[in-house]
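User: Hi! Could you walk me through this structure with a few questions and answers?

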Amino acid sequence: MVIRTRIVSAARERGMTAAEVARQLGFYRSNFSAMDAGSRSVSVKTLARVSKVLGCSPGDLIEVHWEPEGPIFRNRLLQQRMEKRDYSTPDGLERGWVHAVLLAWQRHGGFRR
Amino acid sequence: MGPCCSAGVAAPWWVSQVKGRLFKDPYRAVIQRFNRTGVRCVVVGMSGINYYARNPAETFATLDYDIFLEPTQSNVKKAVEGLQKMGFQLGTSAGTFKPGELKQLVRYRKTLVATTPEGLMVELILEVSGYPFSEMIKDSATFTVRGVPVRVARLNKLLRSKKMAGRPKDRRFLQRYEDLLRED
C-alpha cells in the first residue's frame, strides 16, 4: 500500500500553482512534490492547512494505492502470461466444472465422510 | 461427494437443487443464496484462483471454499442467517459461533467457518492480506455456475495477496503457479 498526496494536481484543478499554495503556507514547493511522490510523510495538520487554502476536504488530497508496486513474478514472460489469463476471461464465463473439481478434491483430500 | 442419497434417507438441503447430477453443488447453492439476499461477497483464495484455470488439470487442490464478505455487521448478519437456514453450523477459531458475538467478530475481522455434518467447509473471511474488500470487489470477474453469477477477485490480486501473506504454504503455491505458467 502506498499513500500519497495530490496537492500539486489539486492546486492546478483550482487554477492555482503549487508554488502559490506553498508561499501562502510558508512551505517550499519541493515539499509538496515530495509529499505527492510519497517520499515525505505529511501530518494531518499540514493536510488540513493545505485543504483550507485549496477549499477542499483533507481527504480529497490523499490517494491510497492498494496495488503494491512491481510485478508478482520476476520473469516478465510469466507475469505477462498471468495477466493474459486474468484479463482474457469474459464476463459470465461458465465455470460449473470448477465446482465439480473442488468437490472432488474435498472428497479425495479430506472429506470426513 | 457422490451421487444422490438412496431412497428413504433424508437428503441434505442441497440435493433437491441438483438432483440427477454426478456432483451436488453446495457452493453454488451458497452463492445463489447470498446473491438473492444481497450479501456482498467475492470468492478469494485458492478456490478463487481455480476459476481462472482453463481445464481441470490446471486446478489446485484445496479443502475449503473462501468467501470474502464485506466486513459490515449487516452484511455478515445476512450471510450468517442464510447459512444457518441452509443447515450449516458456524464456528470461529474460539469454538461455536454465538449470535451475540457478531459485533466482535466484525470488529476484529475474525474468520467464520461454516460446515455441514458431512464435512463440507466454507470459510467466511473478513480480511485478506493486502487488500480491503472494496478493492477486491471493484474489478472482480463474474463467472457463472449453471446460471448463478459468482464474483471472483482478480487473479493478479489473489496471487499478490498470497505473495504478501508470505506464509510457507503461499510461497510453495506461488512456485507451483509459476510452473503452471511456464507450461502455458
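## A tour of the two chains

Analyst: Happy to! This is a predicted model. To begin, A:Ser57 counts as exposed because it has 11 C-beta neighbours inside 10 Å.

User: Where is A:Ser57 found in chain A?

Analyst: The helix on one side is H4 (44-54) of chain A.

User: How many residues does H6(A) give to the side of chain A that touches chain B?

Analyst: The contact takes 32 residues from chain A and 38 residues from chain B. On the chain A side, the elements that give two or more residues are helix H5 (76-87), strand S3 (93-94) and helix H6 (96-109). H6(A) gives the most, and its number is twelve residues.

User: Which residue of S7(B) does A:Leu93 stand opposite?

Analyst: S3(A) and strand S7 (residues 141-145) of chain B are joined by two bridges and run parallel. In S7(B), the residue opposite A:Leu93 is B:Phe143.

User: Which residue is the bridge partner of B:Val44 in S2(B)?

Analyst: Strand S1 (residues 41-44) of chain B points B:Cys41 and B:Val43 one way and B:Val42 and B:Val44 the other way, and all are buried. S1(B) pairs with strand S2 (residues 65-69) of chain B in the antiparallel sense, over four bridges. For B:Val44, the bridge partner in S2(B) is B:Asp66.

User: Which element of chain A do the buried residues of H6(B) pack against?

Analyst: Helix H6 (residues 155-165) of chain B has buried residues including B:Leu155, B:Leu158 and B:Leu159. Within chain B, the buried residues of H6(B) pack against S1, helix H2 (45-50), helix H5 (133-138) and helix H7 (168-182). From chain A, the element they pack against is H5.

User: Is B:Arg109 buried or exposed?

Analyst: B:Arg109 is not a glycine, yet it has a positive phi of about 50°. Most residues other than glycine have a negative phi. B:Arg109 is found in the loop between helix H4 (102-107) and strand S5 (112-115) of chain B. Because B:Arg109 has 11 C-beta neighbours inside 10 Å, it counts as exposed.

User: What is the phi of B:Arg146?

Analyst: B:Arg146 lies in the loop between S7 and strand S8 (148-152) of chain B. With 14 C-beta neighbours inside 10 Å, B:Arg146 counts as partly exposed. Its phi is positive, in a residue other than glycine, and near 45°.

Conventions: Residues are numbered from 1 along each chain as its sequence is written. Chains are lettered from A and ligands numbered from 1 in the order in which they are written. This is a predicted model: local features need pLDDT of at least 70, side-chain atom pairs count only at pLDDT 80 or more; totals for chains, interfaces and linings use all residues. A residue is buried if 20 or more other C-beta atoms lie within 10 Å of its own, exposed if 12 or fewer, and partly exposed in between; C-beta atoms are placed from the backbone. Two strands pair if DSSP finds at least two bridges between them. Two residues are in contact if their C-beta atoms, placed from the backbone, lie within 7 Å.
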